[in-house]
Amino acid sequence: MIPYPFGIGADCSVNPWYVVECNSSTPYLPALDHLEVLGVILKSQTVTVNMPTHSGCQNPVRNSSNATSFDLGGSPFLYSKLHNKIVFEGCGVASMMSNGHVVTGCSTACLNVTLGDRNNCFGIGCCQITIPMSLKSYNIHFTGLERQGADRGCGSAFLVDATSYDPFTSKKTTFTPVSLLWTLTAFELITCCDNKQPDSIPVKMFDGTTVNSLRCNVESTSLTYSNTDIPAISRKCKAGSNPYLPDTYSRDPEYQKYAKTGCNDTCGEVRIPYPFGIGADCSVNRWYIVDCNSSKPYLPALNHVEVLKIYTENQTVIIGTQKKSSCQKPVQNSIQTMSIDLGRSPFLFSKQNNKLVFEGCGTASLMDNGNVLAACSAACESVTQTDRNNCFGIGCCQITIPNFLKSYSIRLTNLKEEDGRCPSTFLVDETLYGKGWLHVGNSSFIRISLMWTLTDSDQVTCCNGIAPKRSIVHMSNGTSMDTLLCDGWPYGSPYLIDGCASFIYVDDEDTKYCRRCIKRGGYCDYVKIYDDEISSSEKPICLGEERTPPLRLIL
């Protein structure tokens, strides 16, 4: 699928940068040195392309190497900060650089590296990390390289689309999928699907500059958190339509229902959507009860941890907890700390948003039932405050976690003294910190991302009476569990049968009809009214109301 503003041929795209050539049934971008197009996603405003990997053998003198990326130059494309990650396969430190400045990086521990360790890519012979800001170009600097394995292979590092990376197959190819954010300017004369002008959205670059981009949006909302590089806006167009082509439909979010009838949906500044609820009668079960004390929400079933944000679109709740630090004993060069035990609760430590961070000098290993799940090492020579804040392997290191967890422990080994500082290690949700999320060393309060799950016993019915979908969640111990999902909407809670009542056409008569319906305790849905055998239109119908509405002829 090649959606507009891209197009196959000059007359079908918004400008020459978006022209796609189709050769032997394979699409390419001729303006970007004929990079192969793997997919275009309108919602996130990204295009995925195939790019070469970068490898380097150690320099005999400097024990280092460099590799340079494809330069996006004056194009409207940027390396997406949220959809890509840098992967380093080898032993040492890989740092991503831009204009001489360190952008991001990760380090690996290299003791007794096995093929399984490299395939897992969680800090032993292989590491991965997200990038902090959008980039036009970069280079990767390798240091401390060591040849590993029977083939004595060199280290390699590359940027890769986070959803496409498979460590088991990446070593068998010299190309990897990379996600590019595409931007539009006022010269493109874009009209959105609701016949309105697009919004101008600032995209922040790593060098401190800002690129303004036009954006039409179908599904996102004006929430402060978004799964896109560009902040979201609140507008709704006809389902399935291309937001960058004019259309006639728009919907009105005036009526938004997040909580059960009679229940509050906010505590202070935090929205509490169902299945969570403020009070026992307002939640789906006891685990989702929220206490609101002094305008702050807490989960009493989880030892009263503070709730910072709840997302229905990806079943995530962000909690706040205290960071733990430890000082090593003089006779012991090893420390072990334990996590909150989620036990029989429906909550899991989320693998998508959390990072294991170690502030200190030595090696931190994330453990579950005695097994090492992820690890990273931090060197201690000439540590500066900048090194600690960057957290790329000198005085501080970080690594993603492999799968969902109920509990974990963190073991610190090979510890070394560092200016009298006590080492600390913790899981942290990076998405709420933005560019400065790594500066958690100055705070004792950290944010952790938990996934919440629902089972058949919760008897969930999605908005408009639709049955929930079933999704499989893979655990780190090799087991799996099911969770029920309701498709997310921009407004209201999809886990309420009337949580979609906010969607009403901006048409005077239809709007009045739906408002009367909502006041009577019902909610609006839309059905096709056939005028004859081939033509039809959509009209609102009132469902679940206390008083039966007049009969309407629906064929």
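C462 has a relative accessible area of 4% and is therefore buried. Buried here means under 20% relative accessible area, exposed over 50%, and partly exposed in between (1.4 Å probe, protein chains only). The model is predicted: local features need pLDDT of at least 70, side-chain atom pairs count only at pLDDT 80 or more, and totals for chains, interfaces and linings use all residues. Residues are numbered from 1 along each chain as its sequence is written, and side-chain values use heavy atoms, with hydrogens and water left out.

C462 forms a disulfide with C486. The two sulfur atoms are 2.1 Å apart. A disulfide is assigned to a pair of cysteine sulfur atoms within 2.5 Å. The torsion about the S-S bond of C462 and C486 is about -85 degrees, so this disulfide is left-handed. C462 lies in the loop between β34 (445–452) and β35 (469–474), and C486 in the loop between β36 (480–485) and β37 (504–505), so the pair ties together parts that are 24 residues apart in sequence. Strands (E, at least two residues) and helices (H or I, at least four) are DSSP runs, numbered from the N terminus. C486 is buried as well, because its relative accessible area is 5%.

The structure holds eight disulfides. A disulfide is a covalent bond between the sulfur atoms of two cysteines. Among the eight is the link of C376 to C397, with an S to S distance of 2.1 Å. The angle about this S-S bond of C376 and C397 is 70 degrees, and the link is right-handed. This pair connects distant parts of the chain. C376 sits in strand β30 (residues 371–378) and C397 in strand β31 (residues 396–400), 21 residues apart. C376 has 0% relative accessibility, so it counts as buried. C397 counts as buried because its relative accessibility is 1%.

A further disulfide joins C121 to C126. Here the S to S distance is 2.0 Å. The torsion about the S-S bond of C121 and C126 is about -70 degrees, which means that the disulfide is left-handed. Both ends are buried: C121 is at 0% relative accessibility, and C126 has a relative accessible area of 1%.

C12 has a relative accessible area of 44%, so it is partly exposed. C22 is also partly exposed, with a relative accessible area of 44%.

S213 is placed in strand β17 (residues 210–215). At 0% relative accessibility, S213 counts as buried. Its side chain makes a polar contact of 3.3 Å with the side chain of Q45. A polar contact is a pair of N or O atoms within 3.5 Å; within protein, one must be able to donate a hydrogen and the other to accept it, and residues adjacent in sequence count only if both atoms are side-chain atoms. The side chain of S213 also reaches the backbone nitrogen of L184, at 3.2 Å.

G268 occupies the loop between β19 (266–267) and β20 (270–271). Its relative accessibility is 45%, so G268 counts as partly exposed. The C-alpha atoms of G268 and P297 are separated by 7.8 Å. Along the chain, G268 and P297 are 29 residues apart.
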